[in-house]
Amino acid sequence: MADPAPPHDEDAVDKPYHTKRPHKKSRSGCMSCKRRKVKCDEARPTCRACALRKTRCEYPSAPPTTDFWLSTPTGSPAPSVASDSSSSSSSSSSDSAGLSLVVQEPLFRHPATDEVDMKLLWFYTTATSESFSVEPGRGDPKKDVMQTTIVQYAFENPFLMNSLFALSSLHLQNLNQGVPRRALTYRAQSFEGYRRAIEAAKPDTFPALLVNSLLLTALSSQNFREDNANDLYIIDWMIIWRGIRLMFQMISRPSILSTGIGPLFDRPPIDFDAAAAAIPNQLVSMVSLIKPDEDDYLDVPVYYETLKYLGSLYDNVPNGMDEAMTLRIITWFTILPSKFIELARAKQPRALVIIAHYAVFIKMIQNVWWIVGIGDRSVKDICKYLGPTWHQFLSVPLVASRIESQEELIRIVQENVF
């Protein structure tokens, strides 16, 4: 009787033993295949052999790659890229320059992350996360949420993790420290995953969706700095900010507080009486002069309501650019009437004038990397779009467009009130 034909690779994978016949070595295979001395197809996150055997598939740490090097900020430890620890501990590692370092391993692990991902996650927790914390020192609860709570949600929601990677990449780009080649992929996967999660509308993803809507405002801010950015891009950016409010309405406030992300959405209170008194006279006149035959005559109450929110910024100018003022400016779009958003999308001139005055306040923020450049670009875009006809209501934005000093900008804004 003839000897049976040797089994196919598929058969060998399904059996708890392997033949002694020669096989092609896999230099980048998973640890399980290497132990069993079988060829690995190197599929990620799980190779076919491990999938068939229903065993855990782990790959060794990737060797240093030339497509991305994450510069370590002065005074900060280098990231660990160890692959099997689930708690914080110290170990010895080597960076791409061959330096032996004692590093602190991250608190979180994910089987699909490689060295580049881990470096970006480390950079997010040590640097980028602080971009959303305007209060100095260790007492800011927002800082703890951004560094720890959000990362935990990110490991449960891939679209949020991609947002963290994309945001870290963008931060590195702004620091001129290099960008991973897959930065655009992170960003695309972030937006696509976010869209799908919204469509699915699963309650357990709501906290991650709410956080992601906040991060997207920073991610999308890069468009202001691109040479080919759309004119009046601030209108699109305003709509992205409004997404936070829409997501906020999907979850009750007690539920938000129970998720641990509540501190991110705390806002300074507004004194509307004081805010109304601080509205610049030229803006009050602009609205009061609307005639009955004009398209937006019925929207006069909307303009007045929006001017009160703008007045709250003017009212707090004497306090200087403290943490509360910075927070008021950054989150201003989230509190505006929905009807005003529609007027701005329709490019109603008076709505654009109000936004131009707000953009002057944005320009006053010079210590938040993802805000820098937005105010200046927006003021110039709006003044150019409206033309000389509306310059009588744009005196402050026009002057501000030629000034870079924060102190001088504050002085000009104060003179517009008092």
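1. Let's start with isoleucine 261, which touches Val145, Thr149, Tyr153, Pro207, Leu210, Val211 and Ile256 when residues up to four places away in sequence are not counted. Contact here means heavy atoms within 4.5 Å. Isoleucine 261 sits in the loop between helix 10 (253-259) and helix 11 (272-277); helices (H or I, at least four residues) and strands (E, at least two) are DSSP runs, numbered from the N terminus. With 0% relative accessibility, isoleucine 261 counts as buried. The cut-offs are under 20% relative accessible area for buried, over 50% for exposed, and partly exposed in between (1.4 Å probe, protein chains only). From isoleucine 261 to leucine 210 the C-alpha to C-alpha distance is 9.1 Å, while the two are 51 residues apart in sequence.

2. A word on the model before going further. This is a predicted model, in which local features need pLDDT of at least 70 and side-chain atom pairs count only at pLDDT 80 or more, while totals for chains, interfaces and linings use all residues. Residues are numbered from 1 along each chain as its sequence is written, and side-chain values use heavy atoms, with hydrogens and water left out.

3. Now the overall picture. The protein chain has 19 helices and two strands. Of its 418 residues, 49% count as buried. Among contacts with a separation of 6 or more, 67% are between residues 24 or more positions apart.

4. The largest nonpolar core has 109 residues, and those with the most contacts inside it are Trp237, Leu310, Phe361 and Trp370. Helix 16 (residues 349-364) supplies the largest share of this core, twelve residues. Apart from it lies another core, of nine residues, including Cys33, Val38, Cys40 and Cys47. A nonpolar core is a set of buried Ala, Val, Leu, Ile, Met, Phe, Trp, Tyr and Cys residues joined through side-chain atoms within 4.5 Å.

5. Leucine 310 is worth a look in your viewer. Beyond its neighbours within four places in sequence, leucine 310 is in contact with Leu283, Trp332, Ile354, His357, Tyr358 and Phe361.

6. Glutamine 282 belongs to helix 12 (residues 281-288) and is buried, with a relative accessible area of 16%. Its side chain makes a polar contact with the side chain of serine 395 (3.3 Å). A polar contact is a pair of N or O atoms within 3.5 Å; within protein, one must be able to donate a hydrogen and the other to accept it, and residues adjacent in sequence count only if both atoms are side-chain atoms. Leaving aside neighbours within four places in sequence, the residues in contact with glutamine 282 include His357, Gln392, Phe393 and Asn416.

7. Most residues other than glycine have a negative phi. Lysine 37, however, has a positive phi of about 60 degrees although it is not a glycine. Lysine 37 lies in the loop between helix 2 (31-36) and helix 3 (48-53) and is exposed, with a relative accessible area of 58%. For asparagine 176, phi is near 55 degrees, again a positive value in a residue other than glycine. Asparagine 176 is found in the loop between helix 6 (158-174) and helix 7 (183-200), and is exposed at a relative accessible area of 72%.
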